[in-house]
Amino acid sequence: TKQIPKEKGLDQSLTLLNEGYRYIPNRRRNQQSDIIQTRLLGKKAILISGEEAARLFYDENYFKREGVAPRRIRKSLFGEHGVQGLDDEEHKHRKLMFLSLMTPERLEEIKKITMQQWKKKIDEWKERDRVVLFYEAEEVMCRAACEWAGIDLSEEEVGQRAREFGQMIDAFGGVGERNRRGKRARDSSEKWIQKIVKQIRANKQKPAENTAAYIISFHRDHKGKRLDTHTAAVEIINVLRPIVAIGRYVVFGALAVHDHPETLPKLRAGDDTYTTMFVQEIRRYYPFTPLLGAIARKDFHWKGYPFTKDTLVMLDVHGINHRADLWEDPDVFMPERFKEWEGSPFAFVPQGGGDHYMGHRCAGEWITVMLMQTSLEFLTNHITYDVPEQDLSYSMVRMPTIPKSRFVIRDVEEREKLA
Ligand code: HEM
């Protein structure tokens, strides 16, 4: 048995909040180790990093998810009783419900819807002095998400609903007011969606049978029971909210184009291979999910290190995407690196690792990649704009992070259609 290098101090919850995306990488550097023992939320926790560590983290013989998310995260970002905290048979059954939404036809549909929603913005933007891309992207994604998912969204409430989804996402690493705002947003959203679920079940609203609203409202759990209306609302929100989150990656995409103008002609050429590489590199390079947690199911040894039952284990998600043993020049933005990339499910983990069906890896990875491509195509091929002087830097402490100015554009013009 080897000893896990140990961080000093009573509790590092504040250090985590103070160091954000660099928390685990900093501990790795200080301890010269990819496994570190610490204390978080008053309990012993183990931090792990690397491809092998990710493989371990996703092995369900050793880890479970029930009880991982602290209350402040369940009350804001995730919701109670959602798929994120389920295990085993119950999880696989619920997960299949999400994955059943992702048929090729339905993915094609959300792509079309999203492009239409972007295009509807052009006339309004042409008239405006400045357009804040982040808020526009969240709104466009909210409109597209609701339309695709079969959720009625009136013109009057778009602003509010988009803002609420954004606030739930923003609450993740927030304490105080930012977290309370996320909780209020969740309460309001859940009330709204629960009402819709009741109407759908009473046949007073009839979304198409292949939509998330329909499928989740009538879903039966692994024991043949319908989800209670609250859980159904939580799971519908688990589809809508993360689509709105794609707005953050759209902003990082616009930032990447701005910082690397040599990529613009390549993106405009409409070569799918290049846009895919570009999107993958955005998901690798820019910080979004900092870390993930799981709880040890039993006592075991890994590489000679002891893990004890019920210990919280945190995986270095952002750090893994920037590890020098997995990525050449990890801190350089270089879409071409994905040309030769073999695609290990444990080395590239912006939306989790492992298998989509068997584990907790993100159910929306395909939608994310597609809508990032669609959005980039819109921004590069359908319009032109100026990026005025502004503070485009983003904090590596704030979780989730976003450029400080939220990416302001101006002088938006519709691009001449190429003959
Ligand atoms: C899970 C990230 C978009 C639905 C996750 C996880 C991460 C993640 C890190 C957790 C993986 C784990 O626990 O091991 C993201 C990011 C997104 C995004 C960064 C884009 C900005 C989406 C979209 C959808 C979606 C568009 C649905 C339409 C889900 C669901 C889960 C999940 C349902 C829970 C899966 C489970 O627990 O089995 N996502 N996601 N996500 N994501 Fe996403």
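Helix H5 (88-99), helix H12 (229-259) and helix H16 (365-382) each contribute at least two residues to the shell around the ligand in this predicted model. In total, 25 residues surround the ligand, and the closest are Pro 242, Gly 352, His 360, Cys 362 and Gly 364. Sorted by class, this shell comprises 14 nonpolar, eight polar and three charged residues.

The description now turns to the strands. An open sheet is formed by three strands in the order E4-E10-E9, with antiparallel pairing. Strand E4 (131-132) and strand E9 (383-386) are its edge strands, each pairing on one side only. E9 and strand E10 (residues 408-414) run antiparallel and are joined by three bridges. Within this pairing, Ile 383 has Glu 414 in E10 as its bridge partner.

Ala 347 lies in the loop between helix H15 (317-320) and H16. Is this residue buried or exposed? Ala 347 counts as buried because it has 20 C-beta neighbours inside 10 Å, and a residue is classed as buried when 20 or more other C-beta atoms lie within that distance. When residues up to four places away in sequence are not counted, Ala 347 touches Glu 51, Ile 320 and Leu 326. The C-alpha atoms of Ala 347 and Asn 321 are separated by 6.7 Å, although the two residues are 26 residues apart along the chain.

How values were computed
Residues numbered from 1 in each chain as written. Predicted model: local features only at pLDDT ≥ 70, side-chain atom pairs only at ≥ 80, totals over all residues. Near = placed C-beta within 6 Å. Helix = DSSP H or I, 4+ residues; strand = E, 2+ residues; numbered from the N terminus. Nonpolar A, V, L, I, M, F, W, Y, C, P; charged D, E, K, R; others polar. Pairing = 2+ DSSP bridges. Buried ≥ 20, exposed ≤ 12 C-beta atoms within 10 Å, placed from the backbone. Contact = placed C-beta atoms within 7 Å.
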